[in-house]
Amino acid sequence: MFTLFLAEFLGTGMLLFGGCMAGLDGFDNITTNVSRGITFGMVVMMAFITFSATSGAIINPVVSLAAFIYGTLSFPLMLLYIGAQFAGALCGYGLLRAVTPWQYYQQALELGDGHCVTVPHASLSTGMALAVEILLTSILVWTNCGVWDPRNKKDSDSVPIKFAFLIAGLSIAGGPITGASMNPARTLAPAVWNHSYEGLWIYFAGPTVGSILTASIYRYIFWQDHEDTPSFACNCADGLAKQEFHSAKIVP
């Protein structure tokens, strides 16, 4: 159980440290929406390659929720994963702040809502911003469900690359609109460290609703019984969690 917690903690920390580093305007470098989106996709790929064999490298609380609905995570493990992901995100972003000059973060606060903080575009209504986060997260979770499906086990070899492009594409498309969070832990950490909480509830409500709807639809309409188990099953006995990983992959 500690190993699972540590893998999700470090994986989510890697996401915030590396992904938000790519969005830091400083050191004679100006980032763009495209550069930030591509880098987030690459960091997700690195986290997956590093930790998929340990915990599945979910690194996203709403994907952990989807995995529970889908049947690949037990309820206690879902809570363990979510706790690790929020803690890892806070520590990962905190580490980034510790190793970069303060003036860059102050500059981001003076010019906007703060470095790596996700906020809806000023032209959006609350309902529009919420809908965008629901839809973006739905695409992410729907893809995860397809990958977890045992019928796709033969197509799992290039999953890290596929998800790198998926995250990059969604981030580039949705970045100018809402920041394309799709991950409450990814949004909470910069908000806490920068004391910037505008519209924070949208990034909890939207991804959660999208995750529940999409995972439920796939699980109860599209999923079919198969002789193999889903991507991994946890059997807890005598206080020990034994993970059995199969060829289907879980990614954030």
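In the predicted model, the axes of α3 and α6 approach within 10 Å and cross at roughly 45°; axes are lines fitted to C-alpha atoms, for helices over the stretch in contact, and angles run from 0 to 180 degrees between N-to-C directions. The two helices α3 and α6 are therefore oblique to each other, given that angles under 35 degrees count as roughly parallel, over 145 as roughly antiparallel, 65 to 115 as roughly perpendicular and the rest as oblique. Helix α3 passes α6 in a right-handed crossing; a crossing is right-handed if the near helix is turned clockwise from the far one by less than a right angle, and left-handed if anticlockwise. On the α3 side, Val62, Val63, Ala66, Ala67 and Tyr70 meet Thr137, Leu140, Val141, Asn144, Cys145 and Trp148 of α6, where contact means heavy atoms within 4.5 Å. The residues of this contact between α3 and α6 comprise nine nonpolar, two polar and no charged. In this classification Ala, Val, Leu, Ile, Met, Phe, Trp, Tyr, Cys and Pro are nonpolar, Asp, Glu, Lys and Arg are charged, and the others, Gly among them, are polar.

Helix α6 also packs against α9 (residues 202–222), with axes that come within 7 Å and cross at roughly 40°. This pair, α6 and α9, is therefore oblique as well. The crossing of α6 over α9 is right-handed. By class, the contact of α6 with α9 holds 15 nonpolar, eight polar and one charged residues.

Residues are numbered from 1 along each chain as its sequence is written. In this predicted model, local features need pLDDT of at least 70, side-chain atom pairs count only at pLDDT 80 or more, and totals for chains, interfaces and linings use all residues, while side-chain values use heavy atoms, with hydrogens and water left out.

The chain contains nine helices and two strands; helices (H or I, at least four residues) and strands (E, at least two) are DSSP runs, numbered from the N terminus. From the N terminus on, the order of elements is α-α-α-α-α-α-α-α-α-β-β. Of the 252 residues, 50% count as buried, where buried means under 20% relative accessible area, exposed over 50% and partly exposed in between (1.4 Å probe, protein chains only). Among contacts in the chain with a separation of 6 or more, 78% are between residues 24 or more positions apart.

Helix α8 (residues 184–194) is mostly covered, with nine of its eleven residues buried. The buried residues are Pro184, Ala185, Arg186, Thr187, Leu188, Ala189, Pro190, Ala191 and Asn194. Their cover includes α1 (2–21), α2, α3, α4 (75–98), α5 and α9. The N-terminal end of α8 is capped by asparagine 183, a side-chain oxygen of which lies 3.0 Å from the backbone nitrogen of alanine 185. Just after α8, histidine 195 takes a positive phi of about 55°.

The loop between α2 (33–51) and α3 (61–70) contains asparagine 60, which counts as buried because its relative accessibility is 2%. The side chain of asparagine 60 reaches the backbone nitrogen of valine 62 at 3.1 Å. Asparagine 60 and glutamine 85 are 25 residues apart in sequence, with their C-alpha atoms 6.4 Å apart in space. Alanine 57 is also in the loop between α2 and α3. Alanine 57 is buried, with a relative accessible area of 1%, and has a positive phi near 50° although not a glycine. In the loop between α1 and α2, phenylalanine 27 is another non-glycine residue with a positive phi, about 55°.

Histidine 115 is located in the loop between α5 (102–111) and α6 (126–148). Histidine 115 counts as buried because its relative accessibility is 4%. The side chain of histidine 115 reaches the backbone oxygen of cysteine 20 at 2.7 Å. Apart from neighbours within four places in sequence, the residues in contact with histidine 115 are Cys20, Gly23, Leu24, Tyr93, Leu96, Tyr105, Ala108, Pro190 and Asn194. Of these, Pro190 and Asn194 are among the buried residues of α8.

Terms used: A polar contact is a pair of N or O atoms within 3.5 Å; within protein, one must be able to donate a hydrogen and the other to accept it, and residues adjacent in sequence count only if both atoms are side-chain atoms.
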